[in-house]
Structure formats: C-alpha cells, structure tokens
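Dear colleague,

I am handing over a structure for you to study.

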Amino acid sequence: MAIRKSMEDRVCVDGARDIWFTKSVEALNAAGFKKIVQNETLFQITADYKKATVWGGILISLLPADKGQTVINMKSTANVDNIYSLFKSPNKTILDRFKSELK
C-alpha cells in the first residue's frame, strides 16, 4: 500500500465563483490532469495527476469571499514512498502544475 501525504494552499482572486470554476476546470485540462469530476452544487473539483514520478490527486474548493472575490482552496494528496519524493515534493509539484495553468 502506498504512503500518501497531503498539502494545502489557497489563493484569493477577484471575480465570481462561477467564472473561476470554469477557469479551474480549463486549467486542470491544460495541466494534464485526468478523471476530472465537477460538483457544481458544492463548487468542488477533483482530479488525478499521474506522471512517471508523481502519482496523486487534487481537490479544489471555491469559496465566496468579500467584495466579489473568490477563495480557491487547493488540497493535493500524493504518494511519497518513492525515491523521487526525496528530491522534490510530489504535492508541491501537483499544486504548482495546477497554479501554473490557472489564468
């Protein structure tokens, strides 16, 4: 059984949750995530990220904030029981991959 750990990050952005929900799905597709599951009622998105050295997933929750802003809460969970995780955090890789495509 794989050993898994999690990491969270959050970003506050200007704009409505509906807009950022769509942008988040587009960013996941552009970043190479698979099995993207959208829950528009809860404003949550889950997706898998499986590359040669990084196996894990991400949970994105969009929360309303003051003055028309949206908080994007990101939680990645990844396998950390391989040699590659000693050199670079797989959770950080997953979060950075998503944030690099989020525009």
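In helix H2, the buried residues are Pro90, Asn91, Thr93, Ile94, Leu95 and Phe98; buried means under 20% relative accessible area, exposed over 50%, and partly exposed in between (1.4 Å probe, protein chains only). These buried residues of H2 pack against strands E1 (4–14), E3 (44–50), E4 (55–64) and E5 (69–79), and against helix H1 (17–31); a contact means heavy atoms within 4.5 Å. Helix H2 covers residues 90–101, and its 12 residues reach 17 Å from the first C-alpha to the last, close to the 16 Å expected at 1.5 Å a residue. That expected span is 1.5 Å times one less than the number of residues.

This is a predicted model, in which local features need pLDDT of at least 70 and side-chain atom pairs count only at pLDDT 80 or more, while totals for chains, interfaces and linings use all residues. Residues are numbered from 1 along each chain as its sequence is written, and side-chain values use heavy atoms, with hydrogens and water left out.

The protein as a whole contains 2 helices and 5 strands, in the order β-α-β-β-β-β-α from the N terminus. Helices (H or I, at least four residues) and strands (E, at least two) are DSSP runs, numbered from the N terminus. Of the 103 residues in the protein, 36% are buried. Among contacts with a separation of 6 or more, 55% join residues 24 or more positions apart. The C-alpha atoms fill a box of roughly 45 × 25 × 20 Å along the principal axes.

Yours sincerely
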